[in-house]
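I opened this entry to look up cavities, strands, helices and confidence, in that order. My notes follow the structure.

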Amino acid sequence: QRPKLEEHEGYLYIVLKSLAPDNDQLDIAYEQVSLIVLKRFVFVFKEKADSLFFSVATRIENSHGRVRSLGSDYLMYSLLDTIVDQNFNILDQLDETLAALEDDIFTNPKPHMLEKIHQIKLEVIKMRRYIAPVRDLSANLLRSECELISDSTHIYLRDVHDHVMRIIESIETHRDILSSLLDIYLSSVSSKLNEVMKILTIFSAIFIPLTFVAGIYGMNFKHMPELDWKWGYPSVWVAFLTIGISLYFFFKRKGWV
């Protein structure tokens with residue numbers, strides 16, 4: 001379901017997505033988490049058993065602080081804060097992945113990098129699709145006049161809302177970075193292709209006059225004065241070397257080589 005908040009008589013129903021990195025390749029695992037908040041209880045429904053709320057459970061068991069002394073609304077905040085803050089781990093991993101990818105693109109762009117950029121971009125778009133509605137959810141919690149949410153808890157819920165805003169802004173930034181990386185990749189590939197074409201063009205420019213000379217003396221005309229010349233063959237080679245070396249140094253002086 002789309003992340004949302006429903007206020008009913010005597011309880012709140014909250015549903016949102018929990019995001020977690022699935023592996024080092026930045027595949028993201030998505031899990032729906034539902035909360036039913038009553039006056040003295042909070043029911044949590046998850047798709048699978050994991051350690052997502054282990055820290056909250058440990059605080060409940062060992063702590064004598066707010067999570068034990070305050071009501072179910074503070075426990076709701078603790079659960080929401082845990083789900084939202086988990087996205088920062090994904091963003092940190094995303095930063096490292098994009099930094100490494102940017103270095104690889106600058107040094108040696110490869111076709112598989114383009115596929116990786118598109119894969120990461122799709123994951124970022126999915127992240128935004130699941131996290132953007134949480135902004136409305138947290139804002140509705142702040143505006144809610146439900147008696148289950150005390151005024152003191154609004155301060156903590158505002159912190160969750162701020163975190164959601166930071167995550168959304170960071171996602172937008174990463175989308176821009178991915179677009180820039182795509183442009184950098186295409187520019188790098190184009191620049192590399194231009195370098196190859198420049199070298200081939202230089203070789204062609206050197207061999208064009210040599211081919212012209214060889215073509216003249218390769219014609220099968222009977223009366224050609226140089227054909228009977230004793231030093232004709234060595235002279236042609238001297239001309240070849242002179243033309244080739246002269247063109248090379250000319251290109252080098254122009255900065256083309």
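I began with the lining of the largest cavity: by class, I find nine nonpolar, one polar and one charged residues there. This is a predicted model. The lining residues are Leu16, Lys17, Leu19, Ile83, Val84, Asn87, Tyr130, Ile131, Val134, Val164 and Ile167. I looked up the volume next, and the largest cavity holds about 60 Å³ of space. The count is three cavities of 30 Å³ or more.

**Strands.** I turned to S2 and its pairing. Strand S1 (residues 4–8) runs antiparallel to S2, and five bridges join them. I picked out one partner: Leu5 bridges to Ile14 in S2. The hairpin of S1 and S2 has two residues between the strands, and Gly10 takes a positive phi near 90° there.

**Helix H5.** How far does H5 reach from its first C-alpha to its last? I read 99 Å for its 67 residues (151–217), close to the 99 Å expected at 1.5 Å a residue. I also checked for a bend. H5 bends by about 30° at Phe207. A proline, Pro209, follows within four residues.

**Confidence.** I closed with pLDDT. The chain has a mean of 82, and 96% of its residues reach 70 or more. Among the elements, helix H2 (residues 66–69) has the lowest mean, 70. Strand S4 (residues 42–46) has the highest, 87.

Note on methods:
Residues are numbered from 1 along each chain as its sequence is written. This is a predicted model: local features need pLDDT of at least 70, side-chain atom pairs count only at pLDDT 80 or more; totals for chains, interfaces and linings use all residues. Side-chain values use heavy atoms; hydrogens and water are left out. The expected span of a helix is 1.5 Å times one less than its number of residues. The bend at a residue is the angle between axes fitted to the seven residues ending there and the seven starting there. On a 1 Å grid over the protein atoms alone, a cavity is a set of points where a 1.4 Å probe fits but cannot get out, and a pocket is an open set with protein on both sides within 12 Å along at least five of seven lines; lining residues have an atom within 4 Å of a point. Grid points are joined across faces, edges and corners, and a volume is the space filled by probe spheres set on the points. Ala, Val, Leu, Ile, Met, Phe, Trp, Tyr, Cys and Pro count as nonpolar, Asp, Glu, Lys and Arg as charged, and the others, Gly among them, as polar. pLDDT is the predictor's confidence in each residue, from 0 to 100. Two strands pair if DSSP finds at least two bridges between them.
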